[in-house]
Amino acid sequence: MGYGNYDKDAYREITSTRVDKPKEEIFTQRTLFGPMDPRGLKVRESRDSDVHPNSIGIIFALDETGSMGDIPELLARKELPTFMETLIDGKFVADPQVMLMGIGDATTGEAAPLQVGQFECEAGLMDKWLTGIFLVGQGGGNGGESYDLAFYAAARHTSMDCWEKRGKKGYLFVTGDEPHLGGVQADIVTQLIGKGPKQGIGMAEIIKEAQKTFHCFFLIPDQARRSYKGCEKVWRAVLGDNVICMDAPQDTSVVAATLIGLTEGTLVDLSAARKKLAGLGKSKAQIDRVIKAVKAYAGTLPDRGSSGDDVGDDAGDEAPAPKGGGKKPGRI
């Protein structure tokens, strides 16, 4: 998948009709959307084409439980077009292809804990998968969500020309506000997909497997949710500075785009990121928040540090390196 072309005017026209609509009129699925049902899932493909010769696969795995429904809603109202335009207009990458997933809690009998779209670059098709996510709205009560399913699907059920032809990794952004549940449970994968691993896979192991083909990030939406159930601490133990703590959920798209630019080297450092985002019309307040969120990760990359950027020196203090022999994943 991933053929066609992105038309920002077409996407802006779609989102302009949603300004005053309630969430329930945007996300109309009340059951699992059939094309996103993972049963029988083989691979989701991100492919080059004549108009997209340098495709790069990007996955947003969105926590669709009650406490996290604001991010899918923000993306549907405004922020997914913002993400695409930031990438394309800013020349962060040439040919982005986006796949949307929904992630819930498979251990509590939730109706749709794994929902898998397709890689797309056309506005209408991306919107189809985004608004096709069933916002189950449950979650809570058992200490975490089934985020492991996002890493498992990315690792074992995707095929991307960026990796297979050029050795370039794609990007996986998982949004959430709870800890993971320890790893992949073989019986759950078999139940959801129809064929699973012979035994369970620990969380660190499945993340490492996904990192072979993806730059993996966990995005916490705001400061209030960093310490909820020990969320940040649990994730830093397996992802280091690839855990990104934002100040506001509406920064999700710009933070993700900036992480891509820094990793690709199209943003050479944080000062360049600040200038680029200002040139793309982002407000100073948002730019400050974004730079703060990505600062610790940028420090793990060669020549991607602050380079004189004037965001407070303590911005990275909230993202310490993991203890006990952990490492900062950076560009692994």
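Colleague: Between which two elements does the loop that holds Lys 91 lie?

Modeller: Lys 91 sits in the loop between α3 (70-89) and β3 (95-103). Please keep in mind that this is a predicted model.

Colleague: Let us turn to the whole protein. How many helices and strands does it have, and what percentage of its residues is buried?

Modeller: The secondary structure comes to 12 helices and 10 strands. Of the 332 residues in the protein, 58% are buried. The protein exposes about 12,900 Å², and carbon and sulfur atoms supply 49% of that area.

Colleague: What percentage of the contacts joins residues at least 24 apart?

Modeller: Taking the contacts between residues at least 6 apart in sequence, 80% join residues at least 24 apart.

Colleague: How is the packing of two helices described?

Modeller: Two packed helices are described by the angle between their axes and by the distance between those axes. For α5 and α8, the angle is about 35° and the axes are 8 Å apart. The crossing in which α5 passes α8 is left-handed.

Colleague: Which residues meet where α5 and α8 come into contact?

Modeller: From α5, Asp 148, Phe 151, Tyr 152, Ala 155 and Arg 156 meet Met 203, Ile 206, Ile 207, Glu 209 and Ala 210 of α8. By class, this contact of α5 with α8 has seven nonpolar, no polar and three charged residues.

Colleague: Which residues of α4 are buried, and what do they pack against?

Modeller: In helix α4 (residues 123-131), the buried residues are Ala 123, Met 126, Asp 127, Trp 129, Leu 130 and Thr 131. They pack against α1, α2, β2 (55-63), α3 and β3.

Colleague: Strand β3 holds Met 99. Is Met 99 buried or exposed, and which residues does it touch?

Modeller: Met 99 is buried, with a relative accessible area of 0%. Leaving out residues up to four places away in sequence, Met 99 touches Arg 44, Ile 58, Ile 59, Phe 60, Val 116, Gly 117, Gln 118, Phe 119 and Thr 158. Gln 118 is 19 residues from Met 99 along the chain, and their C-alpha atoms are separated by 5.1 Å.

Colleague: Which helix holds Val 290, and is this residue buried or exposed?

Modeller: Val 290 has its place in helix α12 (residues 284-298). Val 290 is buried, with a relative accessible area of 0%. Apart from neighbours within four places in sequence, Val 290 is in contact with Asp 251, Val 254, Val 255, Thr 258 and Leu 277. Between Val 290 and Cys 245 there are 45 residues of sequence separation and 9.7 Å in space, C-alpha to C-alpha.

Colleague: Where is Val 268 found, and how far is its C-alpha atom from that of Asp 303?

Modeller: Val 268 is found in the loop between α10 (252-264) and α11 (270-279). Val 268 counts as partly exposed, at 45% relative accessibility. The C-alpha atoms of Val 268 and Asp 303 are separated by 6.8 Å, while the two residues are 35 apart along the chain.

Definitions and conventions: Residues numbered from 1 in each chain as written. Predicted model: local features only at pLDDT ≥ 70, side-chain atom pairs only at ≥ 80, totals over all residues. Heavy atoms only, no water. Helix = DSSP H or I, 4+ residues; strand = E, 2+ residues; numbered from the N terminus. Buried < 20%, exposed > 50% of the residue type's maximum accessible area, 1.4 Å probe, protein only. Contact = heavy atoms within 4.5 Å. Areas by Shrake-Rupley, 256 points an atom, 1.4 Å probe, with all protein chains shown as cover. Axes fitted to C-alpha atoms, helices over the stretch in contact; angles between N-to-C directions. Left-handed = near helix turned anticlockwise from the far one by under 90°. Nonpolar A, V, L, I, M, F, W, Y, C, P; charged D, E, K, R; others polar.
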